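Open the model in your viewer and keep the selection panel at hand.

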Amino acid sequence: MGSFPQTSEVRQLRVRYKRGELNQSEYQAAIDVQIADSIKLQEELGLDVLVHGEFERTDMVEFFGQQLSGFAFTENGWVQSYGSRYVRPPIIYGDVVRTAPMTVREFQVAQSLTEKPVKGMLTAPVTILNWSYPRTDISRSEQAFQIALALRDEVADLEAAGAKVIQVDEPALREGLPLKAQRWNEYLSWAVDAFRLTTAVAQPQTQIHTHMCYCEFGDIIKDIERLDADVISIENSRSNNQTLREITKGGYSHQVGNGVYDIHSPVVPTTEQILQQLRTGIANLPVKQIWVNPDCGLKTRRWSEVIPALKNMVEATKVLREEVNATLQ
């Protein structure tokens, strides 16, 4: 996925930077230490595609809204997201424009530390829109397209910086569905078009990922396929494989990262539990379609939970690879 634990040390860095106790260079240097540690850890664990960890980011929408013109923020307008987690939704008040790269520096730092591919990580336009307070003087679709054009520039810059894998997360796609089913097609048409407007600038050899979590896919699976993402990672273990079954039933043809353990639980999954989840995956989809990943990002977890869980995930993957290879001989 994209994020690693937001420890008190990481959060304190942002607080000190906001207070002016750290200048920009000092803050970035401290973030780079976190990135370097995470890259080293991922290589030691044996992961194939790495992430920089998102240590510089607060909320996945707030972070981008703060860097795009046309967004305003409250100081104390907190809204409950889930559990004990709260976010401050941005307010869209004007035309949305990207004035400078938003994620390229951190990607370059991470990629410089490894020969393995590092994912560029972005939040997609409809999720930014649906988790913000939108304008009322123009349509939601027009706002989504403005955000998409801003993100499109970021995709192009990440690719130019060497990103071979770019993930554009769209977890709130279904969340924006109108209450009346007869209006679904209109919404899904422009929502999917906004995603494609964001990613279409990428070259064919650049792998585009997306991520969706905690929703029903069956009745919109054809629209999700129309996103044309090379890989979609999904919550699956928490739904007891219902999400995977919906994707299979819908005839989804792209690659799927069917989440192998629930990141909202502090319980560390065993190798056998993850292996069972993977076996369920290849029972539903061809093995060439399967990626291996947790249900969602690891921002809310502790390192003491993350490291053993990822170790077990890698070990389970190795066992499954041996099983698959044995059947091919």
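**Strands around the second largest pocket**

Begin by selecting β2 (79–82), β3, β5 (119–123) and β6 (165–169): each supplies at least two residues of the lining of the second largest pocket. Strands (E, at least two residues) and helices (H or I, at least four) are DSSP runs, numbered from the N terminus. A pocket is an open set of points on a 1 Å grid over the protein atoms alone, where a 1.4 Å probe fits, with protein on both sides within 12 Å along at least five of seven lines; lining residues have an atom within 4 Å of a point.

This is a predicted model, in which local features need pLDDT of at least 70 and side-chain atom pairs count only at pLDDT 80 or more, while totals for chains, interfaces and linings use all residues. Residues are numbered from 1 along each chain as its sequence is written, and side-chain values use heavy atoms, with hydrogens and water left out.

Stay on β2, which gives the most to this lining, with four residues. Next select Met60, Ser81, Tyr82, Arg85 and Trp131, which of the 40 lining residues lie nearest the centre of the second largest pocket. The space in this pocket is about 930 Å³, a volume being the space filled by probe spheres set on the points, which are joined across faces, edges and corners.

Now move to the largest pocket, with a volume of about 1400 Å³. Select Gln6, Arg14, Thr58, Asp59 and Glu62, the closest to its centre among 42 lining residues. Then show α1 (8–19), which provides the largest share of this lining, seven residues.
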